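Please consider the structure shown here together with its sequence. The briefing that accompanies it is arranged by topic.

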Amino acid sequence: MAATKNHDYHLVDPDPWPLIGAVCGGLLFSGLVMWWHENPYGKFVFALGILGVLVTMYNWWSNTIREAHTGYHTPVVQLHLRYGMILFIASEVMFFLAWFWAFFDSSLFPSTVDAVGGQWPPKGIEVLNPWGFPLLNTMILLCSGTTVTWAHHSLIHGDRDGLKLGLLLTILLGLLFSSVQAYEYIHAPFAFKGNIYGATFFMATGFHGFHVIVGTIFLSVCLFRAMKGDFTPRQHFGFEAAAWYWHFVDVVWLFLFTSIYLWGGWGAPTHG
């Protein structure tokens, strides 16, 4: 028969969500630009785009989960999903590389950058004490990397209770990290505007904080699915992708802590 499947690949059925997602993504970006240019309809278009993207994400990923449960995710398909996640994380590495580049471009040769004033940190800047909240957040993220690995190993060995507890602890640690960083931002002795130190600091650490929030949501969805009975020792790519993403977030923070908090503020007066 011509329709007989004789391969391990998954040829997806026609689906409207890629087109809907592209349209909603365009609305989101267009609405944001309109909003920033004080267009009266900008906020409405932006909100419509956000709503559309969220609906697209939910339905598209729900379809992917149903495909996995139906048996379409053969070992070959799972391998290609892993390749896709690896490429996504690689793109995230390049994203953060841009912010590290901006920071080091200003800090390594301050005498060549007029905005710095010949020294780094710029004169008059009071930096955050790296041995306070930044060190605490480092320990929190390192502990969270341990708990998500525990959850992964529990799943592989068929320990459902260990999987759920490990995920729950990781989520709580992620929420604690975000809370500590929010407190740190509120009490920061420098502003985002007006100096290159504040701009590079808040862009690099702020985008990392956003990724922590995304990772926390990612793991929360995995916990919800685990409580529903999803994931098996042989098929659990959704959880594996979340764990990879969380470890990536951990590693980025170690670079941020070392380069921006420790090295980048060396010799300047500290706050707190």
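The model is predicted. The protein chain contains seven helices and two strands, and 40% of its 272 residues are buried.

**Fold and dimensions**

- Along the sequence, the elements of the protein chain occur in the order α-α-α-β-α-α-α-α-β.
- The C-alpha trace of the protein chain spans about 75 × 50 × 30 Å along its principal axes.
- Of the contacts in the protein chain with a separation of 6 or more, 76% are between residues 24 or more positions apart.

**Surface and charge**

- The protein chain has an accessible surface of about 15800 Å². Carbon and sulfur atoms contribute 71% of that surface.
- The side chains of the protein chain include 11 positive and 15 negative ones. The centres of these two sets are 7 Å apart.

**Packing of helices α5 and α7**

- Helix α5 covers residues 160–186 and helix α7 covers residues 237–263. Their axes lie 13 Å apart, and the two helices pack at an angle of about 30°.
- The crossing formed by α5 and α7 is left-handed.
- On the α5 side, the residues that meet α7 are L163, L167, T170, G174, F177, Q181 and E184.
- On the α7 side, the residues that meet α5 are F239, W246, W253 and Y261.

**Histidine 208**

- H208 lies in helix α6, which runs over residues 196–228.
- Is H208 buried or exposed? With a relative accessible area of 0%, H208 is buried, because the cut-off for that class is under 20%.
- Beyond its neighbours within four places in sequence, H208 is in contact with F96, L141, F177, V249, V252, W253 and L256.
- Two of these partners, F177 and W253, are also listed where α5 meets α7. F177 belongs to α5 and W253 to α7.

**Histidine 153**

- H153 is located in helix α4, formed by residues 133–156.
- Why does H153 count as partly exposed? The relative accessibility of H153 is 45%, and the class of partly exposed residues lies between the buried limit of under 20% and the exposed limit of over 50%.
- In sequence, H153 and S62 are separated by 91 residues. In space, the C-alpha to C-alpha distance between H153 and S62 is 25 Å.

Notes:
Residues numbered from 1 in each chain as written. Predicted model: local features only at pLDDT ≥ 70, side-chain atom pairs only at ≥ 80, totals over all residues. Heavy atoms only, no water. Helix = DSSP H or I, 4+ residues; strand = E, 2+ residues; numbered from the N terminus. Buried < 20%, exposed > 50% of the residue type's maximum accessible area, 1.4 Å probe, protein only. Contact = heavy atoms within 4.5 Å. Areas by Shrake-Rupley, 256 points an atom, 1.4 Å probe, with all protein chains shown as cover. Lys, Arg positive; Asp, Glu negative; His and termini not counted. Charge placed at Lys NZ, Arg CZ, Asp CG, Glu CD. Axes fitted to C-alpha atoms, helices over the stretch in contact; angles between N-to-C directions. Left-handed = near helix turned anticlockwise from the far one by under 90°.
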